[in-house]
Amino acid sequence: MTRPRLSARRHLPTSPFAPPAPAAPLETYEVDDRVTHDAYGLGTVVGVENNRDVLVDFSTRKVRIRAPYARMYKL
C-alpha cells in the first residue's frame, strides 16, 4: 500500500472547482501577552523563540507551545 503525497496539489485554471483557500496567517505573540489555552487555562507569555514558539507560564508550569498554536487564544 502506498502513502498519499503530502505536497499540495496545484490548482488548474480550467478546473470547475474553486481553488483552495490560502492558509491563515499565524497569530503573533509578545512577552507579557495574556493567553488562554483549552487544556492549561490562563497564562502569560514569558518568551518568544524564532517568532514561532512561545513559552507560556500557566502558574503551575511553563509550557512551550509550537506554531500554529492550536487551542490557544490571545486575551
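1. A polar contact is a pair of N or O atoms within 3.5 Å, and within protein one of the two must be able to donate a hydrogen and the other to accept it. With that in mind, one can look at His 37 in this predicted model, where the side chain of His 37 reaches the backbone nitrogen of Ala 39 at 3.0 Å. A polar atom of the His 37 side chain also lies 3.5 Å from the backbone nitrogen of Tyr 40.

2. Where does His 37 have its place? The residue belongs to strand β1, and His 37 is buried, since its relative accessible area is 7% and the limit for that word is under 20%. Leaving aside residues up to four places away in sequence, His 37 touches Phe 58, Ile 65, Ala 70, Arg 71 and Met 72.

3. A second topic is the aromatic rings. In general, a pair of aromatic rings is described by the distance of the centres and the angle of the planes. A search of the whole structure finds two aromatic pairs. One of them joins Tyr 29 and Tyr 69, whose ring centres are 5.0 Å apart and whose planes stand at 80 degrees, so this pair is classed as edge-to-face; the angle required for that class is over 60 degrees.

4. Why can the pair of Tyr 29 and Tyr 69 be said to tie together parts of the chain? Tyr 29 lies in the segment before β1 (34-37), whereas Tyr 69 lies in the loop between β4 (62-65) and β5 (72-74), and the pair therefore links parts that are 40 residues apart in sequence. Tyr 29 counts as buried at 6% relative accessibility, and Tyr 69 counts as buried at 5%.

5. Strand β2 (residues 41-49) pairs with strand β3 (residues 53-57) in the antiparallel sense, over five bridges, and Thr 44 has Asp 57 in β3 as its bridge partner. These two strands form a hairpin with three residues between them, and in the turn Asn 50 has a positive phi of about 55 degrees.

6. Strand β3 also runs antiparallel to β4, to which four bridges join it. Here Asp 57 has Lys 62 in β4 as its bridge partner, while Asp 57 is also the partner of Thr 44. A hairpin is again formed, with four residues between β3 and β4, and Ser 59 in that turn has a positive phi of about 65 degrees.

Notes. Residues are numbered from 1 along each chain as its sequence is written. This is a predicted model: local features need pLDDT of at least 70, side-chain atom pairs count only at pLDDT 80 or more; totals for chains, interfaces and linings use all residues. Side-chain values use heavy atoms; hydrogens and water are left out. Rings of Phe, Tyr and Trp (its six-membered ring) pair if their centres lie within 6.5 Å; planes under 30 degrees apart count as stacked, over 60 as edge-to-face and the rest as tilted. Buried means under 20% relative accessible area, exposed over 50%, partly exposed in between (1.4 Å probe, protein chains only). Contact means heavy atoms within 4.5 Å. Two strands pair if DSSP finds at least two bridges between them.
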